[in-house]
Amino acid sequence: MTTQEIQVHIAAIKKNCGHRQSYTNFFAQAEGDYSVLESRSSLVFWQTGEDDVCRIYFFCFDLDELSRQLLQMEAGSILDYIGTCSDSLVHAFQTGGFRQYACFLRLSNKNLAYVFDTDYNPYADYLERFVEETRITSASLEELDTLHRKLYDVFDKRSSHFFSRERLKELIADNKVLVYKEDGCLRSFLIYTIDGKKFYVAYIYNSAENHIALSMYVQAAKAAIRAGCTYGYSWVDETNETSLRYNRLKQYLPDGMTDKIFRKET
């Protein structure tokens with residue numbers, strides 16, 4: 001079933017259930033075909049991406065019915081819920097065989113230019129030290145396969161939403177991927193996007209000196225500011241104390257938005 005067909009089915013469920021409270025984790029998801037399990041008050045649908053992860057989406061009015069449908073999902077399936085995940089939702093997921101696997105915090109800065117303003121950020125001068133790191137370069141298209149493989153090697157595919165190879169190729173061509181190499185070996189990279197005035201650091205990996213990661217961020221952030229970005233954000237695992245600490249240097253702080261990730265047990 002296509003995304004458009006799913007929207008038609010959601011509209012039919014809304015018509016059946018009137019003005020009751022609804023629940024969903026389905027927003028702007030990938031195109032393609034979805035498998036579907038449907039009842040009068042609940043729709044569960046799923047898709048396995050190129051990362052071989054089965055991701056579960058739902059729209060429902062009846063949490064008990066949702067739980068019954070989730071029980072039919074295969075072990076290892078992943079369900080994301082972005083936003084306030086109420087106790088009743090968590091209970092429905094758990095009754096359906098899903099347990100929390102990870103939780104990511106959204107860290108943001110609504111005044112991106114102020115990252116480098118000493119009146120706003122006490123670490124601004126410290127960050128400016130790293131802007132001239134000349135060994136950081138934009139990735140080349142010849143490095144596409146290496147970077148694509150590295151994403152899978154470094155990050156957990158169950159809690160990450162990797163860019164497709166084609167999307168990564170576009171970002172490299174648009175100079176949105178920074179790399180650092182030693183003796184021809186990739187040691188660090190940063191991948192970011194710009195969407196209007198939003199600057200999003202999607203992935204950062206560093207196996208070199210600590211300052212390389214900061215240098216990549218500083219160079220990317222300054223490019224984003226020149227492009228007119230005023231808002232910066234990233235998602236960080238709540239258990240990653242090192243990343244949380246480094247983000248405080250940039251005045252990226254938790255803004256209350258979370259992404260809770262649930263995994264279907266056997």
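I take buried to mean under 20% relative accessible area. By that cut-off F93 is buried, because its relative accessible area is 0%. The model I am working from is a predicted one.

**Entry: aromatic pairs**

I searched for ring pairs and got a count of 22 aromatic pairs. I then looked up F58 and F93, which form an edge-to-face pair with 5.7 Å centre to centre and 65° between the planes. I noted that this pair links distant parts of the chain, with F58 in strand β4 (residues 54-60), F93 in helix α3 (residues 87-95), and 35 residues apart. I also checked the accessibility of F58: it is 0%, so F58 counts as buried.

My next pair was Y217 with Y252. I recorded it as edge-to-face, at 5.7 Å centre to centre and 90° between the planes. I located Y217 in helix α7 (residues 210-226) and Y252 in the loop between α8 (241-249) and β12 (253-264), so this pair ties together parts that are 35 residues apart in sequence. I find Y217 at 1% relative accessibility, and therefore buried. I find Y252 buried as well, because its relative accessibility is 1%.

I also asked which residues form one aromatic cluster. I listed Y152, F155, F162, F163 and Y203 as its members.

**Entry: lysines over rings**

I looked for charges over ring faces. I found K222 over the face of F116, at 4.2 Å from the ring centre. I also found K250 over the face of Y217, at 4.3 Å from the ring centre.

**Entry: cysteines**

How many disulfides does a search of the whole structure find? I got zero. I followed up on C54, which is in no disulfide: the nearest cysteine sulfur belongs to C60 and is 18 Å away. A disulfide would need the two sulfur atoms within 2.5 Å. I checked the burial of both residues. C54 has a relative accessible area of 6%, so I class C54 as buried. C60 is at 0% relative accessibility and therefore counts as buried.

**Entry: strand β6 and its partners**

I traced the pairing of strand β6 (residues 98-109). I count nine bridges joining β6 to β12, and the two strands run antiparallel. Within this pairing I see L105 opposite T258 in β12. I then turned to strand β11 (residues 231-237), which pairs with β6 over six bridges, also in the antiparallel sense. I looked up L107 and found that its bridge partner in β11 is S234.

**Entry: K176**

Is K176 buried or exposed? I find K176 buried, because its relative accessible area is 12%. I placed K176 in the loop between α6 (165-173) and β8 (177-182). I looked for a polar partner of its side chain and found the side chain of D174, joined to K176 by a polar contact of 2.8 Å.

Conventions: Residues numbered from 1 in each chain as written. Predicted model: local features only at pLDDT ≥ 70, side-chain atom pairs only at ≥ 80, totals over all residues. Heavy atoms only, no water. Phe/Tyr/Trp six-rings, centres within 6.5 Å; stacked < 30°, edge-to-face > 60°. Helix = DSSP H or I, 4+ residues; strand = E, 2+ residues; numbered from the N terminus. Buried < 20%, exposed > 50% of the residue type's maximum accessible area, 1.4 Å probe, protein only. Lys NZ or Arg CZ within 6 Å of the ring centre and 35° of its normal. Pairing = 2+ DSSP bridges. Polar contact = N/O pair within 3.5 Å; in protein donor to acceptor, adjacent residues only side chain to side chain.
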